Amino acid sequence: MGVGMGLNLLLLLAMVATNILSLYHLSSSLNKPVKSSQQVPDHLIHQLNTIRATINHLTHLRSTTSDPDVTSKPPIPSDLLLYAHISPIASACHDHPELLHRYMNYTPFSLCPFDTALSESLILRGCHPLPRRRCFTPTPSKPISSSHKTNNPFPSSFPDTAVSWASYVNCKSFQCLVSKYDGFDMKVESSKFVNPKSDLDLPISQLLQIAKSSSSVIRLGLDVGAGTGTFAARMKLHNVTVLSTSMNLGAPYNEVIALRGIIPLHVPLQQRFPIFDGIVDLVRFSHAVNRWIPTTSMDFLFYDVDRVLRSGGYLWLDHFFSKRLDLEFTYSPMIKKLGYKIVKWATDSKNDSSGIKNDEVYLTALLQKPVLK
């Protein structure tokens with residue numbers, strides 16, 4: 001602050017001196033007859049040039065010191081430099097240095113900051129996987145008691161002590177989550193994937209019967225955009241292991257998935273699935289996969305599904321929604337380009353306010369990957 005004020009004062013004095021000399025020269029010129037050959041004295045030109053050079057120098061100094069946050073870069077956190085030497089960092093991380101520096105600006109060997117929102121901001125911008133940090137992750141101070149450990153993935157309630165609520169702003173209890181977010185009311189979740197309400201629904205019993213009739217077995221699955229993991233929870237009751245990808249986005253979705261005895265994968269939709277090639281029997285797209293995803297990204301997503309699906313495996317688009325024309329001319333050709341067998345293809349109008357306004361439709365499709373010979 002003091003340096004900036006000093007430069008401003010010097011700049012003001014230099015400008016005043018220039019104006020005084022200019023006025024002096026002008027007044028002396030008016031008092032004398034003007035001759036065509038008369039020139040400005042050399043000493044005056046020298047003084048004016050010196051003052052102008054001083055003004056330019058002071059202006060440059062002022063621009064570089066008045067707003068240090070804009071022109072000067074903060075020092076790179078030491079652990080970020082160290083990590084960059086031993087392991088590569090996703091290229092997209094470098095596009096958001098302010099977020100990356102905040103994430104890596106912590107005290108090593110101490111408790112990590114409560115910065116779930118910051119880490120997900122980086123992940124959603126393509127900075128994934130995040131750089132590793134040398135700090136201790138905050139966990140609930142009270143471990144889950146044996147009375148709360150159950151094999152039932154649809155418990156009547158979850159203990160509030162099972163979540164570190166410091167990372168969340170809107171809710172500090174499960175009771176609050178039930179009233180503000182979808183997926184946390186286990187009474188509602190327990191009825192899903194059981195009894196179909198329309199042709200768009202595909203109950204688990206029907207899915208398993210379809211697989212059985214084609215002499216196929218579903219043992220391993222992937223649920224993309226799984227919310228609180230209800231699909232995986234229902235499949236768990238049929239001895240099927242389903243990994244669930246989910247982002248928290250302000251609520252403890254991943255924690256609840258884990259509390260239900262399911263493994264959450266904290267990865268965004270644009271991330272390559274952390275699964276080996278050709279080993280999964282089923283991939284399900286939840287409501288998170290819909291028309292808001294750019295078409296090129298959607299194309300890559302479909303082919304990453306093909307990468308992890310085994311021959312004879314299933315791709316299930318569950319209530320995928322888009323504009324009616326986009327479904328006809330963009331998404332249907334994109335899906336059918338995979339060359340999968342269409343087991344189920346059902347569409348219906350999306351009748352909420354957004355669906356009516358945008359002429360949106362739902363699509364539920366079950367597709368089977370052909371057996372390669």
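Contact here means heavy atoms within 4.5 Å of each other. With that in hand, welcome to a predicted model, in which local features need pLDDT of at least 70, side-chain atom pairs count only at pLDDT 80 or more, and totals for chains, interfaces and linings use all residues. Residues are numbered from 1 along each chain as its sequence is written, and side-chain values use heavy atoms, with hydrogens and water left out.

- Helices (H or I, at least four residues) and strands (E, at least two) are DSSP runs, numbered from the N terminus, and two strands pair if DSSP finds at least two bridges between them.
- Strand 6 has strand 7 (residues 360-368) as its antiparallel partner, over eight bridges.

**Helix 13**

- Helix 13 (residues 324-336) has a kink of about 35 degrees at T330, shortly before the proline P333; the bend at a residue is the angle between axes fitted to the seven residues ending there and the seven starting there.
- Buried means under 20% relative accessible area, exposed over 50%, and partly exposed in between, using a 1.4 Å probe and protein chains only.
- By that rule, L327, Y331, S332, M334 and I335 of helix 13 are buried.
- The cover over these buried residues includes helix 12, strand 5, strand 6 and strand 7.

**Disulfides**

- With the bonded cysteines of the protein chain numbered in sequence order, the pairing reads 1-3, 2-4, 5-6.
- C93 is joined to C127 with an S to S distance of 1.9 Å, and the torsion about their S-S bond is about 90 degrees, so this disulfide is right-handed.
- Because C93 lies in the loop between helix 4 (78-86) and helix 5 (97-104) and C127 in the loop between helix 6 (116-124) and helix 7 (174-180), the pair ties together parts that are 34 residues apart in sequence; both cysteines, C93 and C127, are buried.
- C112 and C135 are also bonded, their sulfur atoms 1.9 Å apart, and a torsion of about 100 degrees makes the disulfide right-handed.
- C112 lies in the loop between helix 5 and helix 6 and C135 in the loop between helix 6 and helix 7, so this pair ties together parts 23 residues apart in sequence.
- C112 counts as buried at 7% relative accessibility, as does C135 at 14%.
- C171 and C176 have sulfur atoms 2.0 Å apart, and the torsion of about -65 degrees makes their disulfide left-handed.
- C171 is buried at 2% relative accessibility, and C176 is buried with a relative accessible area of 16%.

Conventions
A disulfide is a pair of cysteine sulfur atoms within 2.5 Å.
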